[in-house]
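Colleague: I would like to learn how to read a ligand site and a pocket. Could you take me through them?

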Amino acid sequence: MRKFCSLLLVFISPVLMAVASLPVYLDDSKPIEERIEDALSRMTLEEKIAMCHAQSKFSTPGCPRLGIPEIWMSDGPHGVRMEFVWDDWEHAGWTNDSCTAYPALTCLAATFNPELSYLYGKALGEEARFRKKDIILGPGVNIYRTPLSGRNFEYMGEDPFLSSRMVVPYIQGVQQNGVAACMKHFVLNNQEKWRDVINVEVSDRALYEIYLPAFKAGVTEGNIWAVMGSYNKYKHEYCSHNDLLINKILKADWGFDGVLVTDWGSAHDTEQAARNGLDIEMGTWTNGLTWGISSAYDNYYMAQPFLKKIQSGELPESLLDEKIRRILRLGYRTNMNKSRPLGCKLTPEHTEISRKVAEEGIVLLKNQKNFFPIEKGRYKKIAVIGENAIKKLTQGGGSSELKPQKEITPLQGMIEKYGEEHILFSQGYASGPPDYSRELPSGLDADSLVVAAVEIAKEADVVLFFGGLNKNFQQDCEGDDRINMDLPYGQNELIEKILEVNKNTGIIIISGNAVSMPWLNRINGLIQSWYLGSQAGKATAGVISGRVNPSGKLPFSIPVKLEDNSAHYFGQMSYPGDSINQYYMDDIFVGYRWHDRKKIKPQFPFGYGLSYTTFHYEKLSTDKKNYHPEESIKVSFMISNEGEKAGAEIVQIYMTQKNPSVERPVKELKGFDKIYLQPGEKNK
Ligand code: GLC
């Protein structure tokens, strides 16, 4: 036995020695900051330069010699995007990269449910981790300023407080998987038109009170590990290397210790990138004239040009070291964190979260003569009309496109709920396949589609029109904006023809933006739905049938007409600008703040949404009559569910200031809570 033990000791000791002499940067018993300094001290100049820019469309190199892994990134805010070929915007065609598609963030915001936002982020982070992604390129929190912006569906609406309360738990959920969330697009990317060049001028007050708060909350409360700079300029400096925004506000004032990543192609200058806080350069179109040249990564602004400026002494190496510290810190929080979870994907829990967010985000806007819910058996013939009942809306839209393992369409949901024998379907209108830069022809004859739709409307007991926008060019799509607020593809004309033959018609708008509603007074039921992802049909049929009592509230105002919106009141230089400059003349008065100030009645206001039950408020009181804005205030009230259905009410607290010393909005959202009540139940 003794011999065996001594032999064992002889064997173990080299291993013990090896463990004892692990380099600090590899020793996870040491504090991260010590490991960062040790790794940094071992890296050559060339190795450090390599880590600051892309090696492929969605990855940066680590430091192979030191065993520091690559960093892999993926879009997007609503699900883990499909894989791409190494060097280009081309799907790789894998067969194991499908995902659970979660609802668009506008829908998540409409739930007004931070706990649900945490579960959303956690589920998304699990899938990203399982797919070996170290950064998920989301959430988007740019403020909804105009109903024309092509990417509002990726963001959380018009109010900075709502966006702030909803983005923090999303980030925490994602990052608990050892995956970095990446808030975007920092900042003032509130339209897609001319996004890569437009210089935005905005007052300091509007910047700090409207456009920055959600980003600040993500950093100071959510402890986010990555932020993406936007394409546009602010004060004539590109936001992705903007001294005031990044060095002063993001990093110094807010204490952001993560990495600032460019948007893809948003870097434009080596010296500015080096000095103004850019840490990782992605997607640069190196010759600046055409799309990227394959494997031209050495030509990136933060590649050879940066190396040469350091070697010549034009730029101090300390600028590079600060970037590497942040990149290594990201690594130690993600792919060098040995205790991070393994992740999972396409689980029943993921499906459940996707469905729950969809169900809680749908907004009931109009419900006269008890149009909704349509209980099973109430009608024999239900006409489902509209291309949005069948279109796969997880596709298109730009970088937030997804390849879901499952996508239940509204038509499938309706058939599953009511039975095929009770559903009459007609497409009604047609759009082309989603494309980033043009509207492709649908190949179908518009007139024939209308005739067929009107025919089934005639014979149906009730008509449900599924319309809205889609992810095609100049719809809810990245890269450009809508050209007006109207429903596209002749939908309004089709709705008029349907109403001529059947007054018992309800409309379900599927969109990420407000649309004009010329038919509103002639219908009894209206639902604002969203890009709901994998469980779209299940959730939609759930609300229509009454299985789900709708509780969603609008995260943005719906104006009667475009000119009623703040961005469009001041003419072209306010929106969209002149392709060089743009001035946010509406200042702090965005969304309901504008409607209140100008006393312009919206079609439907921010925070509005109906229920299948009724809630009654009473005994409202506050613990202070007057209070200083920096103080907290306690609001008490009794709320009761006076209907026959269980339901959830989103209590919203708006504040106003009497005789303010500076101009203030009439009211501002300062608190909300979602309260679930059974029929007859009271809650204090
Ligand atoms: C796009 C988008 C950004 C996305 C990135 C990578 O241009 O603006 O949101 O994450 O490129 O696809």
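Predicted model: local features only at pLDDT ≥ 70, side-chain atom pairs only at ≥ 80, totals over all residues.

Modeller: Residues are numbered from 1 along each chain as its sequence is written, and side-chain values use heavy atoms, with hydrogens and water left out.

Colleague: How many residues surround the ligand?

Modeller: A residue is near a molecule if one of its heavy atoms lies within 4 Å of it. Here 15 residues surround the ligand. Asp75, Arg151, His185, Tyr231 and Asp263 are the closest.

Colleague: Which distance separates Asp75 from a ligand oxygen atom?

Modeller: A polar contact is a pair of N or O atoms within 3.5 Å. A polar side-chain atom of Asp75 is 2.5 Å from an oxygen atom of the ligand. For Asp263, an N or O atom in the side chain lies 2.6 Å from a ligand oxygen. The protein buries 98% of the 300 Å² that the ligand exposes when taken alone (Shrake-Rupley method, 1.4 Å probe).

Colleague: What volume does the largest pocket have?

Modeller: On a 1 Å grid over the protein atoms alone, a pocket is an open set of points where a 1.4 Å probe fits, with protein on both sides within 12 Å along at least five of seven lines; lining residues have an atom within 4 Å of a point. The volume is about 1500 Å³. The lining has 43 residues, and among the closest to the centre are Tyr627 and Lys670.

Colleague: Which element gives the most to this lining?

Modeller: β19 does, with five residues. Strands are DSSP runs (E, at least two residues), numbered from the N terminus.

Definitions and conventions:
Polar contact = N/O pair within 3.5 Å; in protein donor to acceptor, adjacent residues only side chain to side chain. Points joined across faces, edges and corners; volume = space filled by probe spheres on them. Helix = DSSP H or I, 4+ residues; strand = E, 2+ residues; numbered from the N terminus.
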